[in-house]
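Colleague: I am new to reading protein models, and I would like to learn how to look at a sheet and at a pair of helices. Could you take me through them slowly?

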Amino acid sequence: MFDIRQSRISDDPLANLWPDHPAGPSADHLARLIAATPADFALYFDVDGTLIDIAETPEQVTAPADLAGDLAALQRRLGGAVAVVTGRRLAEVEAILAPIRVIGSGMHGLEFLGVAETRHQAASAGAVGPEAWGTLLPRSLVDGVVRLAASIPGLRLEQKGPILTVHYREIPSVGARVEAALAVLLADHGDGYHLKTGRAVVELIPNGTSKGTAIARIMATAPFAGRRPIMIGDDHADEDAFAVARAAGGFGLTVAGEHFNRGDEPFRGAAHVRSWIAGLNAGLAQ
Ligand SMILES: [Mg+2]
């Protein structure tokens with residue numbers, strides 16, 4: 001029987017190139033493919049641990065001098081199809097990457113910048129505007145998390161709209177304990193919320209929004225629509241976006257670090273991603 005999906009796969013010149021490597025092509029191979037047909041690709045980057053090195057606290061990060069210029073050049077050469085997909089607030093990303101015009105999604109799919117409205121908005125929490133975000137966070141959940149953060153010296157609590165983030169990078173030994181305590185709080189008080197672990201961080205996020213919903217919405221808009229999506233990220237939350245990119249015929253490329261550490265990651269760290277971007281720009285300029 002004719003199967004349209006099989007037909008599409010066999011017609012796809014990229015689909016069978018990496019049958020044994022679900023993570024996709026090597027970074028260098030991918031750069032050559034993009035340089036050959038830039039209008040076929042859209043690039044999506046996580047920020048912390050992917051574009052910039054992770055610091056002791058989120059406020060201490062700095063972007064290397066060349067990064068903003070290299071990203072701006074890449075945006076130009078890919079017809080604008082370069083986005084960030086981050087758990088941070090986009091205002092912070094704009095400050096870190098200034099003066100580049102940031103396009104993409106922040107707060108795990110709750111915020112968007114430079115992305116046209118589509119009919120397919122993120123469900124539930126994603127459809128609630130910033131003015132109503134405060135109403136999403138259950139008071140008893142906030143109280144419990146504040147008490148937890150105060151009970152363990154060195155924990156840092158951050159509220160990003162309706163998202164609660166607990167950072168434990170300064171005391172990594174408490175990670176499992178914090179995650180377990182937050183899971184209990186979530187079970188008792190977290191109606192409509194889920195827990196997402198990351199690199200020295202645990203986040204409580206409204207259901208219905210993720211980096212997967214973020215990238216799906218961006219992918220539906222110009223100039224991203226119709227291009228093969230390449231998502232590059234270093235953390236657990238990026239896996240939702242990898243899945244969406246792969247389902248659309250694209251790739252999710254991992255960056256080595258505390259989360260991805262098998263030794264076969266396409267990128268060895270944020271510095272490797274940055275040098276890859278610089279090399280890709282050089283290839284696109286030829
Ligand atoms: Mg990251």
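**Reading the sheet and a helix pair**

Modeller: This is a predicted model, and in it six strands form an open sheet with the order 4-3-2-1-9-10 and mixed pairing. The edge strands, each pairing on one side only, are strand 4 (111-113) and strand 10 (251-254), and from one strand to the next the twist averages 20°.

Colleague: In what sense do strand 9 and strand 10 pair, and over how many bridges?

Modeller: In general, the strands of a sheet pair through backbone hydrogen bonds, and the pairing is either parallel or antiparallel. Here strand 9 (residues 228-233) pairs with strand 10 in the parallel sense, over four bridges, and Met231 has Gly252 in strand 10 as its bridge partner.

Colleague: How should I describe two helices that pack together?

Modeller: Two packed helices are described by the angle between their axes and by the distance between those axes. For helix 5 (residues 139-151) and helix 6 (residues 175-189), the axes come within 9 Å and cross at roughly 160°. Angles over 145 degrees count as roughly antiparallel, which is why helix 5 is roughly antiparallel to helix 6.

Colleague: Which residues of helix 5 and helix 6 meet?

Modeller: On the helix 5 side they are Ser140, Leu141, Gly144, Val145 and Leu148, and these meet Ala181, Leu185 and His189 in helix 6. The residues of this contact divide into five nonpolar, three polar and no charged.

Colleague: And how many helices and strands does the whole chain have?

Modeller: The protein chain has nine helices and 10 strands, and 40% of its 286 residues count as buried.

Note on methods: Residues are numbered from 1 along each chain as its sequence is written. This is a predicted model: local features need pLDDT of at least 70, side-chain atom pairs count only at pLDDT 80 or more; totals for chains, interfaces and linings use all residues. Axes are lines fitted to C-alpha atoms, for helices over the stretch in contact, and angles run from 0 to 180 degrees between N-to-C directions. Helices (H or I, at least four residues) and strands (E, at least two) are DSSP runs, numbered from the N terminus. Angles under 35 degrees count as roughly parallel, over 145 as roughly antiparallel, 65 to 115 as roughly perpendicular and the rest as oblique. Two residues are in contact if their C-beta atoms, placed from the backbone, lie within 7 Å. Ala, Val, Leu, Ile, Met, Phe, Trp, Tyr, Cys and Pro count as nonpolar, Asp, Glu, Lys and Arg as charged, and the others, Gly among them, as polar. A residue is buried if 20 or more other C-beta atoms lie within 10 Å of its own, exposed if 12 or fewer, and partly exposed in between; C-beta atoms are placed from the backbone. Two strands pair if DSSP finds at least two bridges between them.
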